[in-house]
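Please read it alongside the sequence and the coordinates.

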Amino acid sequence: MSLRKRFVATISIVLCLIGTPIAADVFYYPAEYKKLENDIYALSIQKSLLQSQLTKTQKEAAFEKNKLEEKVRSLESQIASLEDKLRSTDNSLRDEKRGRAEDNNENNLSLAEKERQIKTLKKQSTAKQQEMAETAAAQERAYLEEIKKLKAELERNRDEAKKQLEEVTEQKNKRIAELESALANKSHELATCLDTARQQKETVSELEKQALELEKRLEKEIAEGNLRIKRYKNRIVINIDDKILFPSGSAYLRRDVRKTLDTVADILAKNSSSRVLVEGHTDNVPIKTPRFPDNWELASARALSVLRHLLSNQALNPARFGAVGYGEYRPVAENNGSKNRQLNRRVDIVLQAADPSEEIK
């Protein structure tokens, strides 16, 4: 398998394994984009459910309203029945009066007796009619009072139902607006993530090209073991042993390594989107000279020497570059033997994919 194919496979595996959102110096991965899409889909489903609940509440309010109106109609029907009963009672009284008058005409009693009987009948009839009228009036008043109470209750229920419906509608509309706003924010965030990922993918692609070209043009140095190129998810580290860079205890570049650094500078000039940090490292053997009182000074001076030589290439933008000395505190191996200490005495040229939102001037 070619180096390019191995690099693409490595990048694919890393993209699948990493599950944290991409910050300024990391990737946005497909799993996170899928999560954002799932969030948007879940918000859409929640919006649909809320709208369904609102429709159901409106139907229940309409059903309650119809139920109360049916009750009013039933009471009005009862009142009509009572009125019919009252009319029937009046008719019965009239029939009774008429019958008694006919009986009086057919009676063979004396006129005085008849008059007495008539007066008695009139008195009884009047008392009975008055009693029935009063009973009917009392019943009518009771029914009218009941109807009045039911109508008042109906109005209260209508007002409460209307108020509840308005509150529910307002809450649903507010929630729907919140969901729509969240959905819009998620959509914007997803679009931003996709755009950032696209830009970072392009940057990583450029880093891949640089790595391949570095491996090709520095094949000899790599084969001799004096230079190593390490690939990470969004950066490349060119690791150069100090034995080919500097004399022992010095920060002055050897003449024969300058050509190698010129090759690195030419390749760096082809990709202006990455940032470059030159790191100086030492082993844990202390140094104390008039020029370098400790390993910090030596590591920093060596990083600056490499940086200055790289920037002698006028095609490079100095704003992309930086230098730092780590002394003995970032070893790549235990300082327990001459071979391991040799690995720790190095200068690393780190190519870092720049944040797409960060402009390099």
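Asp241 counts as buried because its relative accessibility is 3%, buried being under 20% relative accessible area, exposed over 50% and partly exposed in between (1.4 Å probe, protein chains only). Its side chain meets that of Arg228 in a salt bridge at 2.4 Å, N to O, a salt bridge being a side-chain nitrogen of Lys or Arg within 4 Å of a carboxyl oxygen of Asp or Glu. The pair links distant parts of the chain, with Asp241 in strand β2 (residues 235–241) and Arg228 in strand β1 (residues 227–231), 13 residues apart. Arg228 is partly exposed at 23% relative accessible area.

The model is predicted: local features need pLDDT of at least 70 and side-chain atom pairs count only at pLDDT 80 or more, while totals for chains, interfaces and linings use all residues. Residues are numbered from 1 along each chain as its sequence is written, and side-chain values use heavy atoms, with hydrogens and water left out.

**Other salt bridges**

- The count for the chain comes to 15 salt bridges.
- Arg302 and Asp242 form a salt bridge whose closest N and O atoms are 3.2 Å apart; Arg302 lies in helix α7 and Asp242 in helix α5, so the pair ties together parts 60 residues apart in sequence.
- Arg302 is buried at 4% relative accessible area, and Asp242 is buried at 7%.
- A network of salt bridges links Asp242, Asp283, Arg302 and Arg345.
- Glu70 and Arg73 form a salt bridge with closest N and O atoms 2.4 Å apart; they are three residues apart in helix α2, and so about one helical turn separates them.
- Glu70 is partly exposed at 45% relative accessible area, and Arg73 is partly exposed at 45%.

**Helix α7**

- Helix α7 (residues 295–310) has 16 residues and reaches 23 Å from its first C-alpha to its last, close to the expected 22 Å, which is 1.5 Å times one less than the number of residues.
- Its buried residues include Asn295, Leu298, Ala299, Arg302, Val306 and Leu310.
- The buried residues of α7 pack against α5 (242–245), α6 (258–268), β3 (274–281), β4 (321–327) and β5 (346–353).
- Asp294 caps the N-terminal end of α7, with a side-chain oxygen 3.1 Å from the backbone nitrogen of Trp296.

**Thr282**

- Thr282 sits in the loop between β3 and α7 and is buried at 4% relative accessibility.
- A polar atom of the Thr282 side chain lies 3.3 Å from the backbone nitrogen of Glu328.
- Leaving aside neighbours within four places in sequence, Thr282 is in contact (heavy atoms within 4.5 Å) with Asn295, Leu298, Ala299, Gly327, Glu328, Asn344 and Arg345.

**Surface and overall layout**

- Tyr41, Ile45 and Leu49 form a nonpolar surface patch with about 320 Å² of accessible area together; such patches join nonpolar side chains (Val, Leu, Ile, Met, Phe, Trp, Tyr) within 5 Å, from residues with over 30% relative accessible area and no salt bridge.
- Ile45 lies in helix α2 (residues 30–106) and is partly exposed at 37% relative accessible area.
- The accessible surface of the chain comes to about 22900 Å², of which 52% belongs to carbon and sulfur atoms, by the Shrake-Rupley method with a 1.4 Å probe.
- The chain has eight helices and five strands, taken as DSSP runs (H or I, at least four residues, for helices; E, at least two, for strands) numbered from the N terminus.
- Buried residues make up 31% of the 361 residues.

Methods. A polar contact is a pair of N or O atoms within 3.5 Å; within protein, one must be able to donate a hydrogen and the other to accept it, and residues adjacent in sequence count only if both atoms are side-chain atoms. Patches are made of residues with over 30% relative accessible area and no salt bridge: like charges are joined within 9 Å, nonpolar side chains (Val, Leu, Ile, Met, Phe, Trp, Tyr) within 5 Å.
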